[in-house]
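I opened the model to look up its metal sites and charged pairs. My notes are below.

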Amino acid sequence: MVDDRVPASPSAALREISYWLDRSLSDSRRSMAFRTTARILDEMDPEEYARHRESGSWSEVPGIGPSSTAVIEAALAGRVPDYLAKVRAAAKPLTMTGHELRAQLRGDLHCHTEESDGSAPLEEMVATAQLLGHEYIVITDHSPRLTVAHGLTAERLAAQGVRIDEVNEVSPIRVLKGIEVDILDTGALDQSPAALAALDVVVASVHSKLSQDAESMTHRMVGAVANPRTNVLGHCTGRLVRGGRGLRTESRFDAEVVFEACRQFDVAVEINSRPERRDPPSRLIELARSIGCLFSIDTDAHAPGQLEFLDYGCERAQSMGIPPERIVNTWPVDRLLEWSKG
Ligand SMILES: [Zn+2]
Ligand SMILES: [Zn+2]
């Protein structure tokens with residue numbers, strides 16, 4: 001069925017184009033350009049907006065390119081922009097299986113906003129999570145040491161918490177405070193215990209020295225898992241299996257020891273749904289299942305369109321027979337918080 005709904009406004013059209021581009025991981029720079037234009041329009045002085053509308057002079061506005069201009073003009077004329085029609089037509093279901101499990105998931109424990117290396121503001125991530133039927137979403141931006149990703153200091157994290165409180169006052173879905181905290185070389189977490197204690201959910205991940213020897217990596221990961229503030233062990237092998245960031249082999253560690261620690265310390269093993277990660281690999285998901293671990297199926301979304309990636313994780317988890325009751329995002333949010341804050 002062709003979706004021929006006319007977008008409500010030029011910025012809605014631009015954001016929808018970004019959504020479909022991000023969902024297909026096709027072109028993040030192009031997606032960013034459309035999203036930036038949407039913001040320029042939203043923030044434009046109404047008189048200036050009216051003037052450009054009148055004279056069709058959108059291309060004179062700094063930051064608005066020819067593709068965006070065509071989208072704006074079509075949307076203002078009450079038509080579906082060609083670019084939007086094209087990306088809508090190209091959008092296919094992400095998976096053929098895993099839908100039963102997907103229907104049981106209530107939220108997402110791992111996503112990024114523009115505060116770190118995501119491309120959209122908090123409010124847009126929340127709005128999309130709501131459209132997807134989530135009951136909650138956990139915002140997990142990066143920690144200070146990941147400077148390339150503009151990791152949040154304790155002060156910025158606290159400020160984000162205040163904004164989340166504000167969003168929660170108007171949002172129909174729960175927005176939970178979280179972090180994707182770096183696991184330092186020592187196994188310590190890259191944020192103060194007080195800052196971590198103020199959060200609802202802590203995802204801990206290795207982002208550096210991924211190729212260190214197996215013994216050091218095992219110590220490091222077990223150290224993080226044993227930290228009482230850790231709830232989820234993020235993308236445990238760090239592998240990259242496809243895509244523009246190149247390929248990366250799995251980190252080496254004693255998975256039996258690490259997953260046994262996850263079980264003992266009540267930490268969920270993340271099934272990272274990003275198509276270029278598919279982390280952990282299947283044999284390790286099976287190992288964690290046989291050890292009796294909890295799991296969290298996460299998108300690690302860096303843009304609203306990527307919040308649909310839960311489908312990918314569900315396809316894998318369902319095909320590997322992970323019992324839904326051992327997947328923490330099937331739990332009601334109160335039970336989730338009891339577990340994560342307990
Ligand atoms: Zn990460
Ligand atoms: Zn992440």
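**Conventions.** I am working with a predicted model, where local features need pLDDT of at least 70, side-chain atom pairs count only at pLDDT 80 or more, and totals for chains, interfaces and linings use all residues. Residues are numbered from 1 along each chain as its sequence is written, chains are lettered from A and ligands numbered from 1 in the order in which they are written, and side-chain values use heavy atoms, with hydrogens and water left out.

**Zinc ion (ligand 2).** I looked up the donors (N, O and S atoms within 2.8 Å of the metal, 3.2 Å for Na, K and Ca; water is not among the atoms, so sites may look incomplete). The protein donors are His110 (NE2), His112 (NE2), Glu180 (OE) and Asp300 (OD), 2.0 to 2.2 Å from the zinc ion (ligand 2). Their spacing along the chain reads H-x1-H-x67-E-x119-D. I then checked the geometry: the four donor atoms subtend angles of 84 to 174°, so the arrangement is irregular. The rule calls four donors tetrahedral if all angles lie between 85 and 135 degrees; four are square planar and six octahedral if opposite donors are over 155 degrees apart and all others between 65 and 115; anything else is irregular.

**Zinc ion (ligand 1).** Glu180 (OE), His207 (NE2) and His235 (NE2) coordinate the zinc ion (ligand 1) at 2.1 Å. I note the donor spacing as E-x26-H-x27-H. His207 is in the loop between β4 (201-205) and α10 (214-226) and His235 in the loop between β5 (232-233) and α11 (255-264), so this pair ties together parts 28 residues apart in sequence. Helices (H or I, at least four residues) and strands (E, at least two) are DSSP runs, numbered from the N terminus.

**The bridge.** Which residue coordinates both zinc ions? I find Glu180 coordinating both, with the zinc ions 3.5 Å apart. His110 lies in the loop between β1 (107-108) and α7 (122-131) and Glu180 in strand β3 (residues 174-182), so the pair ties together parts 70 residues apart in sequence. I checked burial (buried is under 20% relative accessible area, exposed over 50%, partly exposed in between; 1.4 Å probe, protein chains only). His110 is buried at 0%, Glu180 at 1% and His235 at 2%.

**His302.** His302 sits in the loop between β7 (295-298) and α13 (310-319) and is buried at 18% relative accessibility. The His302 and Asp117 side chains make a polar contact of 3.2 Å. A polar contact is a pair of N or O atoms within 3.5 Å; within protein, one must be able to donate a hydrogen and the other to accept it, and residues adjacent in sequence count only if both atoms are side-chain atoms.

**Salt bridges.** I counted a side-chain nitrogen of Lys or Arg within 4 Å of a carboxyl oxygen of Asp or Glu, and the total is 22 salt bridges. Arg15 and Asp42 pair at 2.9 Å, N to O. This pair links helix α1 (residues 10-23) to helix α2 (residues 28-43). Glu124 and Arg35 pair with their closest N and O atoms 3.4 Å apart. Glu124 is in helix α7 and Arg35 in helix α2, so the pair ties together parts 89 residues apart in sequence. Glu124 and Arg35 are both buried.
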